[in-house]
Amino acid sequence: MRSILFICLGNICRSPTAEGLMLNHLVAAGLSHATRVDSAGIGGWHAGDPPDPRAIAAARKKGVDLTPLRARQVRKTDFSDFELIVGMDRQNVADLRRLAPAGSTARIGLCLEEALGLPSEVPDPYYEDEQAFDAVFDLCDRAVRAFVEQVRAGN
Ligand code: 4NP
């Protein structure tokens, strides 16, 4: 896998957490040159915004800096620019399938299912507390470690 796009609803909580983690793990593994990583939202309400302060704080506790990231909305060209596009929850995946233009080449799937074979969602933490953001970080970390192994293995 040579390119991956993480998708959530707003692109300020879950998908930037996964993007920041993946960038960190790829650099640590010496694989950052080999892989294109980005994140985007189904919605565009937060376009141009940094990640939610609670997501930044949860990541900072674990040594991951999300502050350079900026939100954007998913666009039609993403469906041919990326090899794999993963949604954090089933609604994201349904929306991606609806938005995919005819002839798009990206594989679309659920993040934890594509990474680990787990039919589970990364739940939306936006209306939740700090613990929910910690849980999002831990789920994204598990998924991302598996994706980095896929990159390493050339799968
Ligand atoms: P995310 O969380 O999809 O993980 O970025 C959300 C962020 C913003 C909103 C909903 C979910 N919102 O309704 O603005």
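Which residues in H1 meet which residues in H6? The structure examined here is a predicted model, in which local features need pLDDT of at least 70 and side-chain atom pairs count only at pLDDT 80 or more, whereas totals for chains, interfaces and linings use all residues. Residues are numbered from 1 along each chain as its sequence is written, and side-chain values use heavy atoms, with hydrogens and water left out.

On the H1 side, Arg14, Thr17, Ala18, Leu21, Met22, His25, Leu26 and Ala29 meet Val136, Phe137, Cys140, Asp141, Val144, Arg145, Phe147, Val148, Val151 and Arg152 in H6, where contact means heavy atoms within 4.5 Å. The residues of this contact divide into twelve nonpolar, two polar and four charged (Ala, Val, Leu, Ile, Met, Phe, Trp, Tyr, Cys and Pro count as nonpolar, Asp, Glu, Lys and Arg as charged, and the others, Gly among them, as polar).

Two packed helices are described by the angle between their axes and the distance between the axes. Helix H1, residues 14–29, packs against helix H6, residues 130–153, at an angle of about 45 degrees, and their axes are 9 Å apart; this makes H1 oblique to H6. Helices (H or I, at least four residues) and strands (E, at least two) are DSSP runs, numbered from the N terminus, while axes are lines fitted to C-alpha atoms, for helices over the stretch in contact, and angles run from 0 to 180 degrees between N-to-C directions. Angles under 35 degrees count as roughly parallel, over 145 as roughly antiparallel, 65 to 115 as roughly perpendicular and the rest as oblique.

Within helix H6 lies Asp141, which is buried, with a relative accessible area of 15% (buried means under 20% relative accessible area, exposed over 50%, partly exposed in between, with a 1.4 Å probe and protein chains only). Not counting residues up to four places away in sequence, Asp141 touches Leu21 and His25.

Cys140 also counts as buried, at 1% relative accessibility, and Cys111 is buried with a relative accessible area of 1%. The closest cysteine sulfur to that of Cys140 is in Cys111, at 6.1 Å, too far for a bond. A search of the whole structure finds zero disulfides, a disulfide being a pair of cysteine sulfur atoms within 2.5 Å.

In the loop between strand S1 (3–8) and H1 is Asn11, which has a positive phi of about 60 degrees although it is not a glycine. Asn11 counts as buried, at 2% relative accessibility.
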